[in-house]
Each structure stands twice: as structure tokens, then as C-alpha cells.
Amino acid sequence: MNKSNGRVAGFALISAEVLPVSFSARIAETHGASMTGFGRSVTSYTMPLVALAMAVAVKASGLSVDEGSLNVRILVGALSSAIMFTTIFVVLDHAETVARRVGEPYGTLVLTFAVTAIEVSIIVAMMLHGENNPTLARESVFSTVMITSTGVVGTCLTLGGWRHRKQAIVRQGTSAYLAVLIALTVMTLILPTYTQTTDPGTFSAAQLGLVSVLSVLLYASFVFAQTVRHREDFVQGLEHEVSTRTAHRESVSVSALLLVSGLIGIVMLAEQVAASVENTLVAYQVTQADSIVGALIAGLVLMPEAISAVRASLNNELQRGLNVAMGSACATIGLTIPAVAAASLLTGRGLTLGLPATDAVLLVLALFICSVSFSNERTTFLTGMVHIVVFFTFVFLIFVP
């Protein structure tokens, strides 16, 4: 299986972003009714604790997908995968509960940090298991940026524009997102191809360390501007007040506790799941394992955020939807790359970040389209269609590179 076919699996996982409005309505209904107070489902309360208990039990018993009888390895891998994948959605639901309570733009950061923590744990776990996966982080980050900047943003603009004709955005906020995203993507995904100290596509240890520090510094500066210095640039109208009022009745403290418990369980289970996926790919002699796994990670992690962003756009809260989508892309590069770089430097495992020529062109095109789309303070469905066209071009080139 080649690289092109590999990424197809990732897009299958995010097909929920273009589901009918009725599905989004059911999700919103779940958040609004069954996920509040005593109406919360049993799964919402139990899955984070089950994931944590499962992770602790596997660790304490010494069970592993790499050792023991075949039946035991299959059982451990299947249970770990099922519990972790289910817990991811439950954890992100709790993150959104906390997000609605604290209001914008802090709420978006809660959801973004939860997603980034999950993504980092999976990537690092797979990097440290078995043979080195030098391009796994690159494939995951690239897929995340393309999916968010074209697929998710395009769906938000198209569906929101079709329902509300025109939607307003806070241009200062979207411009800040784009400036940070452009700088981070060029430094981490394009620049490595042109450095001369090491092989094309790679950084030396000093270069990798510097880029990692600069990425964290830039993202931290962005978060400071978003939450303190220029908070009004990222909040649309009365969105903050509405979010705060509607979340007063929710058990935020319980959600925060379950959020932390679930994240710990996911991080601990990620090692077993990563080993199971990699062993499966090796068994089937898949040559483009990094591309497949990277796209799978991006698609799986972004699915709940994509639904959240589209729902916000349909509710005429476009700025919040863009905050979720673009925030994911910024956080993925600003936090994931430094974390993976640290793991690479500490373990001595190679890391290839530079994109191939075709992927680099698509990335530049996506960022350019975003800068044009957000140059005005109002968007229409046509604005979104431009992003959708770029997204389908990206998909088409997967089949015909």
C-alpha cells in the first residue's frame, strides 16, 4: 500500500464533518439534555474511570501486545483500542462541558489542549515502539493542518453561509491565527527540506532544539494574546456571556475530574494501542505505515472537534467554530512538534519533518486560501466552497498523485 492510499483511511474517520444537519442536531441534543446533570449517560461517567483502571491493570499485570500467547495479545490489543477510542470522545465531551462553563476564548483552549494531549501521547507511544517511525509526526501534523484549514473550515463556512447567508468573523482574531499558523508550518514542515547541515527533510539536534523552543514561545505568546492581552479579538458578540450562562447548571467540577482521569488513561493505553496497530501493519507488510497511522491519528482526534466546529457555525457562532478549527492546527504544530522533538532528542530516534514537494504545494495553497477568505469581516457559502474545492483536490491527489 502506497502513501496515497494510506491517507485514505484518515479521511474515512473524519467523514462525520459532512454529515447531515440532523446528525449534528442529535449531537447538540445529547450535549444539551442527556449530558447535563443527572441526565448524563452512564458511559460519560464510567468510561474515563474504566480507561484509567484498564491502563493501571495492564501495567501492573505485565500484560502486553508484544508478549504472551496470541489470544492474550489479541485480547489486550482489542480491549485497549476499544476503550481508548471510546474514551477519546467521552473526554472531549467533558472538555467541551468545561469549555462552555469558562466561556470563550478559554473554552476553546480547554478543548484544544485536550485534543493535543491525546495526539501527542499516541504519536510518542508509536515512535517509541518497535522500529523508528521518522515521518509519523510529519504525516500526522500535515494531515491535521490540511483537514482543519480546508475540510473543517470549508464545511463550517459552506453550511453556515448556506443557512445564514452571511456570517461575521472577527478579522483580527482570524488574522492572528493565520500569522501563527503560517510561521509554524513553514518553520517545521517546509524549512527542513532546505537546510544543509543534515539530510534533506531533517534538522540537526541544534536546529531541532531551536525550532522547538521558538514554536513553544510563539504559541505561548499567541495564547497570552488570546486570553489576556487581546481577548476581545477572539470573541464574537455576546458569545462569552451565553456560554457562561448555559453552563452554570452543569457539573463542571465532575467533568474536569473525569477529563483529567480520562486523559491519563488514554496516555497510558496509547502504548498498547500503538503497539497493536504497528504489529498489524508489519504482519500485512504495509510499506507506508507512517502515512497510514499519521492520517488515522489526525482523523480520529479531529472528528469530535470537527463536529463541534460545524455545530457552532450552524448556530451562527462562526468565530467559535473557526477558533476550534484553527486553534487545533496551531496547537498541533506549536505543541506536538516540540513534544515529539524532545522525545526524538532524548531517545536518539530520527525525525523527518520536511514535506515532499507535492504536499508542500498543497500546504501553501491551503494557507493562501485561508488568508484570502479571512481578509473580509463577512463570509458566504462561496467562501467555504473554495476551501472545499482545495480539500477535494487534496483527496483526488491521494488517488492520482
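Here is a walk through this structure, from its core to its surface. The model is predicted, so local features need pLDDT of at least 70 and side-chain atom pairs count only at pLDDT 80 or more, while totals for chains, interfaces and linings use all residues. Residues are numbered from 1 along each chain as its sequence is written, and side-chain values use heavy atoms, leaving out hydrogens and water.

Let's start inside. The largest nonpolar core has 91 residues; such a core is a set of buried Ala, Val, Leu, Ile, Met, Phe, Trp, Tyr and Cys residues joined through side-chain atoms within 4.5 Å. Buried means under 20% relative accessible area, exposed over 50%, and partly exposed in between (1.4 Å probe, protein chains only). Met 84, Ile 118, Leu 363 and Phe 374 have the most contacts inside this core. Helix α12 (residues 318-347) gives the most to it, with 13 residues; helices are DSSP runs of H or I, at least four residues, numbered from the N terminus.

Now for the cysteines. Cys 330 counts as buried because its relative accessibility is 0%, and Cys 370 counts as buried because its relative accessibility is 0%. Still, a search of the whole structure finds zero disulfides, meaning pairs of cysteine sulfur atoms within 2.5 Å.

What about charges? The structure holds one salt bridge, that is, a side-chain nitrogen of Lys or Arg within 4 Å of a carboxyl oxygen of Asp or Glu. Glu 139 pairs up with Arg 138, their closest N and O atoms being 3.0 Å apart. Both Glu 139 and Arg 138 are buried.

Phe 381 lies in helix α14 and counts as partly exposed because its relative accessibility is 36%.

Terms used: Helices (H or I, at least four residues) and strands (E, at least two) are DSSP runs, numbered from the N terminus.
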